[in-house]
Each structure stands twice: as C-alpha cells, then as structure tokens.
Amino acid sequence: MTTLLGISGSLRKASTNTMLMRNAAEIFNADTFIEGDINFPLYNGDLEDASGIPAAVQTLADQIAAADAVIISTPEYNKAISGSLKNALDWVSRTKGGPWKDKPLAIMSAAAGRAGGERSQFSLRLAMMTFRPRILQGPEVLVANSSKEFDENGKLTGELYIKLLTELMDELRTMT
C-alpha cells in the first residue's frame, strides 16, 4: 500500500497550487492520498518554549514520516515560496526524528506570472536542503498564468503541463 502526502503552499480555498497538487495525486494514484495542513501559527521560539510543538505541526511531521512520497506545490510570492509554506517547514524542523530525511519529494508550482513559479521552486529547493529529502530534479512542472490552466472542476487542461506532471509522478513512483 502506497501513501502519498500532498502539501499546497497556498492557504486559499481556490488555490491553483492545491488544484495542481490534487491533479498530481490523481496521476500518481496512491492507495492513500493525504492533504497536509500548513495553517499553523507563526513560528515563535517563545511559543514553542511555553507550549511545545503545536498538535497540527506534529500531525504534519508524522504524516511526512509515514508517507512513501511527498509532493509540494508552491506558489510564488515576491520571488520566493509563500510565508505559510516557509513557516510550516520551520515548524516541522523543530520536531523530533527528521521526517524529511531520504523522503522521495516532487515539487511543482502554479503561479500567475509567465515563469510559472520558477523562482519559488528554486527557493523551495534551498529551504529543503538541510532536511535532506530525495528531491526529484525533473521534469520541472511550472504552470504559468495558472488561473487560465484549470477547468471549472479543477482539472489541469494544458497538454504539455499534463505530460510533464505525468512524467514527474512516474519518476516519483519509481522512488517509492
């Protein structure tokens, strides 16, 4: 039984990154797909000292550890990953056990701009380096002008994007 964890770097209800993550999960076709929740309080060492790791953070860390593979779909906010995604990575880094170590990881992005989140993917790769997951190097899935690339049901419509996403999920499946 294969478990896939998906993390969207956007908290918006109609996020194209959440749509992209769900399309990737459908293509991957795991026995179990879990959507991780990153809606955490801002990391604050004083909060951690006073209350410990929030339950929602520990849940995500446990989901990462238990998953056979993880996908992260990141928006691009001001040429980098979203604050909510960076905050989640910071919080998870404070948990015990190093849940990211050697975890197969595929990243993708959907963004309003013409580069499709290329800078956010670079930013995410840098942020993930200390955790030492096994990040797939490609193919890159960079959905540009993303509000126009999904139908009313949240399905990705561009043939090239679907082809690249399928190749990326095929590669991820070989790593599990």
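1. Which residues does Glu48 touch, not counting residues up to four places away in sequence? They are Tyr43, Ile53, Trp91 and Arg94, where contact means heavy atoms within 4.5 Å. Before going on, please keep in mind that this is a predicted model, in which local features need pLDDT of at least 70 and side-chain atom pairs count only at pLDDT 80 or more, while totals for chains, interfaces and linings use all residues. Residues are numbered from 1 along each chain as its sequence is written, and side-chain values use heavy atoms, with hydrogens and water left out.

2. Let us stay with Glu48 for a moment. Glu48 sits in helix H2 (residues 45-51); helices (H or I, at least four residues) and strands (E, at least two) are DSSP runs, numbered from the N terminus. Glu48 counts as buried because its relative accessibility is 13%; buried means under 20% relative accessible area, exposed over 50%, and partly exposed in between (1.4 Å probe, protein chains only). The Glu48 side chain makes a polar contact with the side chain of Tyr43 at 2.5 Å, and another with the side chain of Arg94 at 2.9 Å. A polar contact here is a pair of N or O atoms within 3.5 Å; within protein, one must be able to donate a hydrogen and the other to accept it, and residues adjacent in sequence count only if both atoms are side-chain atoms.

3. Next, have a look at strand E3 (residues 69-74). Six of its six residues are buried, so E3 is largely enclosed by the rest of the structure. Both of its faces are covered: Ala69, Ile71 and Ser73 are buried on one side, and Val70, Ile72 and Thr74 on the other.

4. Which strands pair with E3? Strand E1 (residues 3-8) runs parallel to E3 and is joined to it by five bridges; two strands pair if DSSP finds at least two bridges between them. Ile7 has Ile72 as its bridge partner in E3. Strand E4 (residues 104-110) also pairs with E3 in the parallel sense, over five bridges, and there Thr74 stands opposite Ser109. From E3 the chain crosses through helix H4 (residues 83-93) to E4 in a right-handed β-α-β crossover. Right-handed means that, with the strands pointing away from the viewer, the path from the first strand over the helix to the second runs clockwise.

5. E1 has a further parallel partner to check. Four bridges join E1 to strand E2 (residues 32-35), with Gly6 opposite Glu35. The chain goes from E1 through H1 to E2, and this β-α-β crossover is right-handed.

6. Ala24 lies in helix H1 and counts as buried because its relative accessible area is 0%. Leaving aside residues up to four places away in sequence, Ala24 touches Ile71, Met108, Leu165 and Met169. Ala24 and Ser73 are 49 residues apart in sequence, and their C-alpha atoms are 9.3 Å apart in space.

7. Helix H5 (residues 118-128) has its own set of buried residues: Ser120, Gln121, Ser123, Leu124, Arg125 and Met128. Their cover includes E3, H4, E4, strand E5 (134-135) and E6.

8. How many salt bridges does a search of the whole structure find? The search gives eight, a salt bridge being a side-chain nitrogen of Lys or Arg within 4 Å of a carboxyl oxygen of Asp or Glu. One of them joins Lys155 and Glu26 (2.4 Å, N to O). This pair links distant parts of the chain, 129 residues apart: Lys155 is in the loop between strand E6 (142-143) and helix H6 (159-175), and Glu26 is in helix H1 (residues 16-28). Lys155 is partly exposed at 33% relative accessibility, whereas Glu26 is exposed at 51%.

9. Glu167 is partly exposed at 31%, as is Lys163 at 48%.
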